[in-house]
Amino acid sequence: MWGIFMESVVIFKNYVGFHQYKFLFVIYLFFLLYLLFAEKNRRIRAIFVYAPLLLLICFFCPLFRKLFVRLLNDAETYYRLLWLLQMSLVSAYGAVKLFGRYRKTGLVLMCAAIVVCGSFVYRSEYITKAQNWYHLPEEAVEVAKLLEPEEGRVMALVPADLVYYIRQYSTNINMPYGREMLIARWDYYNDMYEAMEEAEVIQTDSFVALTREYGCHYVVLKKERKLEEPLTEYGFELCARTDTYLIYRDMQIGE
C-alpha cells in the first residue's frame, strides 16, 4: 500500500510540475484553503472546494487507485483524474473574490505572484516562431498543398514526420495510418507502416502491392530513402519535389 501511495505522489508531482512550477501549485492551494473559509455559497463550495478536496483524497488513497485500475484495466491514465482539480478556475475565482475584498492591493500582489512564480513561455524549447498562418512547418504545408485535390479526397502515404501536419492541414487528404502508429507504447501494428518506416531498404514490389491495397494515390518519400527498385518502374510518376521530399503519383490509381 505504501508503494502505491508513493507512486501516486510521484504522479502528482510530475503533473503539477512540482520541481519547476511548484509555486503555481502553492497559489492554487492557497486559494483552495481561502475559499474553504471565505466562500459561503454552497453550490460554489461544492464545485471549487469539496470536489477538489475529495478528488485529492481519493487520488492518494491506495485502495481507490487499485479499484480504478481493476475496473478500467488502465494504470497509465490515472493521472487524468487530476484534470478535474480545476486548478486555473479555482485560482482565478479565489483571486477575484480576494480582490473584491482587498481591491487596492489584491490585484497588484496577485499579478506579481504569478509573474515571479511563473516562467516566460517563449523561452521554452517547445515554442518556435510560426513560419506561416497555419503554424506548421513551411515544407509540410508545401507538401500538403501539392497533395490536396481540388475536389473530393485522396489517399496519401507520407513519412512519419509529416503525419501530424498533414492531418492538421486538410481533412481531404486521407492516410493509411495516423498518430496511433507514432506512439511506441501503444504498440499498434500496421503492415503499411512497417513497410514504409521500419525496413532499412524498401522492398519495392511488396511495398507497391500494399500502397495499391490501401488505395494510395500518392506516395511521399524522403530523398535519401532507399528503395530496392525505383517506383517509376512500377507505374508511378515523380510529379513534384521539395527540398526534403519526393512526391510520387500512382498512375494506375490516378486514372
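**View 1. V219 meets its partner across the sheet.** In this predicted model, the residue of β5 that bridges to V219 is Y248. The two strands to look for here are β3, residues 218-222, and β5, residues 245-250. They run antiparallel to each other and are joined over 5 bridges. As background, the strands of a sheet pair through backbone hydrogen bonds, and the pairing can be parallel or antiparallel.

**View 2. Helix α1 crosses helix α4.** Here we move to α1 (residues 2-16) and α4 (residues 62-72), whose axes come within 9 Å and cross at roughly 80°. Angles from 65 to 115 degrees count as roughly perpendicular, and α1 and α4 are therefore roughly perpendicular to each other. On the α1 side, the contact is made by I4, F5, E7, S8 and I11. On the α4 side, look for P62, R65 and K66. Sorted by class, this contact of α1 with α4 has 4 nonpolar, 1 polar and 3 charged residues.

**View 3. Helix α4 has a buried face.** Tucked away in α4 are P62, R65 and F68, which are buried. Looking down the axis of α4, the buried residues fall within an arc of 120°, so they line one face of the helix. An α-helix has 3.6 residues a turn, so residues three or four places apart point the same way. Among the elements covering the buried residues of α4 are α1 and α3 (42-60). Over on the other side of α4, L63, R70 and L71 are exposed.

View 4. The axes of α1 and α3 come within 8 Å, crossing at roughly 130°. That angle makes α1 oblique to α3. From α1, the residues F5, S8, V9, I11 and F12 meet L56, F59 and F60 of α3. In this contact of α1 with α3 there are 7 nonpolar residues and 1 polar, with no charged ones.

Terms used. Residues numbered from 1 in each chain as written. Predicted model: local features only at pLDDT ≥ 70, side-chain atom pairs only at ≥ 80, totals over all residues. Heavy atoms only, no water. Axes fitted to C-alpha atoms, helices over the stretch in contact; angles between N-to-C directions. Helix = DSSP H or I, 4+ residues; strand = E, 2+ residues; numbered from the N terminus. Parallel < 35°, antiparallel > 145°, perpendicular 65-115°, else oblique. Contact = heavy atoms within 4.5 Å. Nonpolar A, V, L, I, M, F, W, Y, C, P; charged D, E, K, R; others polar. Pairing = 2+ DSSP bridges. Buried < 20%, exposed > 50% of the residue type's maximum accessible area, 1.4 Å probe, protein only. Arc of directions from axis to C-beta.
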